[in-house]
Amino acid sequence: MTRRSTFNRTLKFMLILCGIWPGQSCVLFCRIFWIVSLTVTLFCHYRYFLTHIYSAEILDLMDCLSSFLAYSKIIVKFFVFWLNQRKFIEILTAMTEDWNECTNNDVNMRETTRKAKMSDRITNAIISLHTMTIVAYCIGIILADVDVTDSTKELPFVNKLEIPFKIKTQFVYRTVLITEFLFMILCGWAAGITNSLLLTLILHTAGQIEIMRYWLMQLVPRDNKNNHTFDKSISTNKIIQKHQKIINFSKNIENLYSYIALVQFVSNTIMICTLGFVIVTAIESPNAVEQIMKSFLFYTITNLEAFIFCYAGEYLNNKSKEIGIAAYNCEWYDLKSTESRVLMFIILRSQKQLTLTVGKMMDLSLESFTSIMNASGSYLSVLLAMQ
């Protein structure tokens with residue numbers, strides 16, 4: 001069966017579960033679930049921070065802050081998607097049109113399918129990595145033998161929470177832990193799927209750029225011997241329309257992810273710093289191995305999340321430059337003067353690269369990722385000096 005969509009079943013199911021995929025009857029229920037559950041979770045984090053700010057160790061406070069920011073990022077992402085539902089619908093419509101246009105051309109279909117399969121592998125890898133991270137983060141607490149009746153000790157939870165009710169039985173305590181674990185799994189998938197969606201959209205854009213480059217190569221036959229392979233349906237008007245469609249598609253991605261990237265940029269800087277502090281400080285603690293194993297994958301995921309956004313911006317920028325290069329390298333001098341002038345406009349427009357920005361303030365690139373790591377390292381040094 002020929003593939004007709006960039007989104008695989010996992011990605012679509014998770015977008016439905018997050019209340020992002022349009023046209024589903026359960027959208028309202030899913031949104032209410034996320035708003036209520038995340039609000040309650042953030043409130044419990046807030047209570048813990050207020051009640052333990054003077055009594056708890058700084059290690060526990062940093063752990064509470066990092067998980068608080070992780071949940072906050074998820075709800076902010078959801079609100080951005082929900083408020084920009086029309087933009088997302090425009091993106092889905094454009095992708096459907098791209099797939100429909102590929103049905104009559106094997107080269108176009110092959111390139112679009114190749115990018116879709118690549119996004120499938122990335123989606124599955126991200127979901128698997130987030131699942132492993134949550135399991136590694138929770139397994140120690142879940143398997144620990146805790147005496148619920150001992151009122152002199154504080155009950156350990158997966159996150160640093162202050163539950164608004166008393167836990168007096170082992171059954172209630174285990175129920176809270178399992179509920180917390182399952183909710184963290186859902187949140188991990190939600191965080192991963194929004195990042196995977198960005199890469200999927202960028203890869204689809206890259207596939208359309210590759211198709212446009214192929215059209216530019218086929219605009220003029222390279223020699224008379226290869227006239228039988230020349231695609232006569234390709235014209236400068238068709239190329240111009242394709243280029244404009246790619247530009248509009250990338251603008252919609254930019255509008256959808258710009259402020260999400262801003263939240264990511266700020267929160268990931270703080271989270272990388274706090275998680276690094278937790279890992280470094282845990283080295284001297286009695287349960288060093290357990291604490292490091294618990295936090296290391298979480299630290300890795302946070303770094304990966306920042307890298308995904310920055311790499312996506314860098315990749316889109318570099319791919320957009322290839323359009324101007326392909327237009328210049330085609331045999332434009334064999335075209336009619338009116339057609340060759342059209343290619344000049346493509347070259348000029350491609351000088352303004354397609355970009356993703358951080359809140360419309362700065363471009364996402366590998367240089368931005370370096371800035372995040374440098375800032376996190378600086379803040380970590382300050383925290384260690386204050387300890």
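Visitor: How many cavities of 30 Å³ or more turn up in a search of the whole structure?
Guide: The search finds 4. The model is predicted: local features need pLDDT of at least 70, side-chain atom pairs count only at pLDDT 80 or more, and totals for chains, interfaces and linings use all residues. Residues are numbered from 1 along each chain as its sequence is written, and side-chain values use heavy atoms, with hydrogens and water left out.

Visitor: What makes a space a cavity or a pocket?
Guide: On a 1 Å grid over the protein atoms alone, a cavity is a set of points where a 1.4 Å probe fits but cannot get out; a pocket is an open set with protein on both sides within 12 Å along at least five of seven lines. The largest cavity has a volume of about 290 Å³. The second largest cavity holds about 50 Å³.

Visitor: How do you know which residues line the largest cavity?
Guide: A lining residue has an atom within 4 Å of a grid point. The largest cavity has 20 of them, and A70, I134, G188, A191 and F298 lie nearest its centre. α3, α5 (106-143), α6 and α8 (288-329) each supply at least two. α3 gives the most, with 6 residues.

Visitor: What makes a lining residue nonpolar, polar or charged?
Guide: Ala, Val, Leu, Ile, Met, Phe, Trp, Tyr, Cys and Pro count as nonpolar, Asp, Glu, Lys and Arg as charged, and the others, Gly among them, as polar. On that scheme the lining of the largest cavity splits into 11 nonpolar, 6 polar and 3 charged.

Visitor: Which residues line the second largest cavity?
Guide: A94, D98, H204, T205, Q208, K242, K245, I246 and F249 do. Two or more residues come from each of α4 (85-102), α6 and α7 (236-282). α7 gives the most, with 4 residues. The classes are 3 nonpolar, 3 polar and 3 charged.

Visitor: What lines the second largest pocket?
Guide: This pocket has a volume of about 390 Å³. Of its 16 lining residues, L155, E162, F165, K166 and I167 are the closest to its centre. The lining has 8 nonpolar, 2 polar and 6 charged residues.

Visitor: Why are α2 and α3 called roughly antiparallel?
Guide: Helix α2 (residues 27-52) and helix α3 (residues 58-83) have axes that come within 10 Å and cross at roughly 155°. Angles over 145 degrees count as roughly antiparallel. The two helices are therefore roughly antiparallel to each other.

Visitor: How do you know that α2 and α3 are in contact?
Guide: Contact means heavy atoms within 4.5 Å. Among the residues that meet are W34, L38, H45 and F49 in α2 and L61, F68, Y71 and F78 in α3. By class, this contact has 15 nonpolar, 5 polar and 2 charged residues.

Visitor: Why is α2 called roughly perpendicular to α6?
Guide: The axes of α2 and helix α6 (residues 170-218) come within 12 Å and cross at roughly 115°. The range for roughly perpendicular is 65 to 115 degrees. That makes α2 roughly perpendicular to α6. The contact joins F33, W34, S37, L38 and T41 of α2 to F183, L186, C187 and A190 of α6. Its residues are 7 nonpolar, 2 polar and no charged.

Visitor: What makes a crossing left-handed or right-handed?
Guide: A crossing is left-handed if the near helix is turned anticlockwise from the far one by less than a right angle, and right-handed if clockwise. The crossing of α2 and α3 is left-handed. The crossing of α2 and α6 is left-handed too.

How values were computed: Axes fitted to C-alpha atoms, helices over the stretch in contact; angles between N-to-C directions. Parallel < 35°, antiparallel > 145°, perpendicular 65-115°, else oblique. Points joined across faces, edges and corners; volume = space filled by probe spheres on them.
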